[in-house]
Amino acid sequence: MLDWSYRREEPKMTIDQPVVEMPAPQVRERRTDGLPGIPIALVLLIVLLGSAAPIVYGAQNAPGAGPVTLIVLGVVLALAALLGLCGLTAVAPGEARVVQLLGRYTGTIRADGLRWVNPITNRQKVSTRVRNHETELAKVNDADGNPIQIAAVVVWQVSDTAKAAFEVDDFVEFVAIQSETAVRHIANSYPYDAPEDQLSLRDNADEITGRLSAEIAARVTAAGVEVIESRITRLSYAPEIAQVMLQRQQANAVVAARTRIVEGAVGMVELALGRLAEHDVVELDEERKATMVSNLLVVLCGDRGTQPIVNAGSLY
């Protein structure tokens with residue numbers, strides 16, 4: 001909404017140019033959907049119920065080695081069935097389970113429904129739904145050194161659950177911090193407003209948001225996150241300079257309008273003189289041409305209406 005005085009050369013950065021170098025990932029996602037959970041659950045329930053038979057039979061016929069063996073067998077079957085039931089994992093749509101066996105990553109369950117995996121594994125839930133993150137309103141200096149306020153919204157999704165679980169401590173917080181860092185860097189790299197041949201935050205929204213998305217994507221790729229879209233939601237001068245910059249913008253707008261009017265008026269005067277000479281309507285010496293040009297410019301460039309005066313005498 002406002003204007004600047006100092007300009008600097010546009011940074012040489014393309015959308016596909018990496019902005020920041022992140023460490024190489026130590027682990028990548030691999031699928032391990034396990035086994036169908038419902039058939040295994042039915043089998044384990046049957047074993048659990050069936051384990052009661054030798055326990056009851058052994059208790060009724062105790063003492064003796066045979067009945068004790070039956071009781072032990074029943075207890076072992078019951079414990080095995082209970083342990084097997086611990087391997088059942090329900091996976092909802094839009095979620096995944098990162099599976100670890102004794103501290104080692106073994107794979108990720110992405111198939112939804114009831115699945116069965118090794119019961120002694122650790123299964124960490126990771127959401128793969130699309131999320132929004134809106135950065136806080138940040139006060140930074142643009143490329144011209146003017147304080148501005150800027151905020152953005154980032155639409156993102158976890159694409160690699162292994163990176164999200166193991167490469168960073170908290171991938172949600174990581175995305176939030178890196179998004180704010182990228183917004184501040186973009187705001188520092190471009191002026192709020194600039195001539196038509198330079199990129200500016202206000203006038204080149206598509207190009208700026210494209211570069212913002214590229215920078216955020218480069219920063220969060222280490223966390224296995226894919227940036228779907230980013231948009232600048234708030235952009236304005238800081239309150240302490242907003243009024244001054246508004247006045248400067250209004251002054252520049254007036255100058256630009258006057259420049260356009262003068263350019264058009266000069267063109268119309270040239271056209272009028274050319275047509276008069278081409279059709280031999282009237283012959284004018286240099287003094288009369290100067291007078292005619294002066295009168296036409298006054299009429300065309302004036303900000304008020306003119307009053308015509310009829311010359312009833314001689315032209316000279």
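The model is predicted, so local features need pLDDT of at least 70 and side-chain atom pairs count only at pLDDT 80 or more, while totals for chains, interfaces and linings use all residues. Residues are numbered from 1 along each chain as its sequence is written, and side-chain values use heavy atoms, with hydrogens and water left out.

Ile 216 also belongs to the largest nonpolar core, which has 35 residues. Such a core is a set of buried Ala, Val, Leu, Ile, Met, Phe, Trp, Tyr and Cys residues joined through side-chain atoms within 4.5 Å. Buried means under 20% relative accessible area, exposed means over 50%, and partly exposed lies in between, with a 1.4 Å probe and protein chains only. The members that touch the most other members are Ile 148, Trp 156, Phe 171, Leu 212, Ile 216 and Val 220. At least two core residues each come from strand 8 (138–141), strand 9 (147–158), helix 4 (161–166), helix 5 (171–189), helix 6 (205–220) and strand 10 (225–237). Helix 5 gives the largest share, seven residues. Helices (H or I, at least four residues) and strands (E, at least two) are DSSP runs, numbered from the N terminus.

Aromatic rings come next. The whole structure holds three aromatic pairs. Rings of Phe, Tyr and Trp (its six-membered ring) pair if their centres lie within 6.5 Å; planes under 30 degrees apart count as stacked, over 60 as edge-to-face and the rest as tilted. Trp 156 and Phe 171 form an edge-to-face pair, at 6.2 Å centre to centre and with 80° between the planes. This pair links distant parts of the chain, with Trp 156 in strand 9 and Phe 171 in helix 5, 15 residues apart. Both Trp 156 and Phe 171 are buried. The pair of Tyr 192 and Tyr 237 is tilted, because the ring planes stand at 35°, with the centres 4.4 Å apart. Here, too, distant parts of the chain are linked: Tyr 192 lies in the loop between helix 5 and helix 6 and Tyr 237 in strand 10, 45 residues apart. Tyr 192 is buried at a relative accessible area of 2%, and Tyr 237 is buried at 2%.

Thr 135 sits in the loop between strand 7 (131–134) and strand 8. With 6% relative accessibility, Thr 135 counts as buried. Apart from neighbours within four places in sequence, Thr 135 contacts Ala 151, Ala 152, Ser 179, Glu 180 and Val 183.

Elsewhere, three strands form an open antiparallel sheet in the order 4-3-6; two strands pair if DSSP finds at least two bridges between them. Strand 4 (104–109) and strand 6 (122–127) are the edge strands, each pairing on one side only. Strand 3 (residues 95–101) pairs with strand 4 in the antiparallel sense over five bridges, and Arg 97 has Ile 109 in strand 4 as its bridge partner.

Taken as a whole, the protein has eight helices and 10 strands. Of its 316 residues, 34% count as buried. Among contacts between residues at least 6 apart in sequence, 73% join residues at least 24 apart.

Note on methods. Contact = heavy atoms within 4.5 Å.
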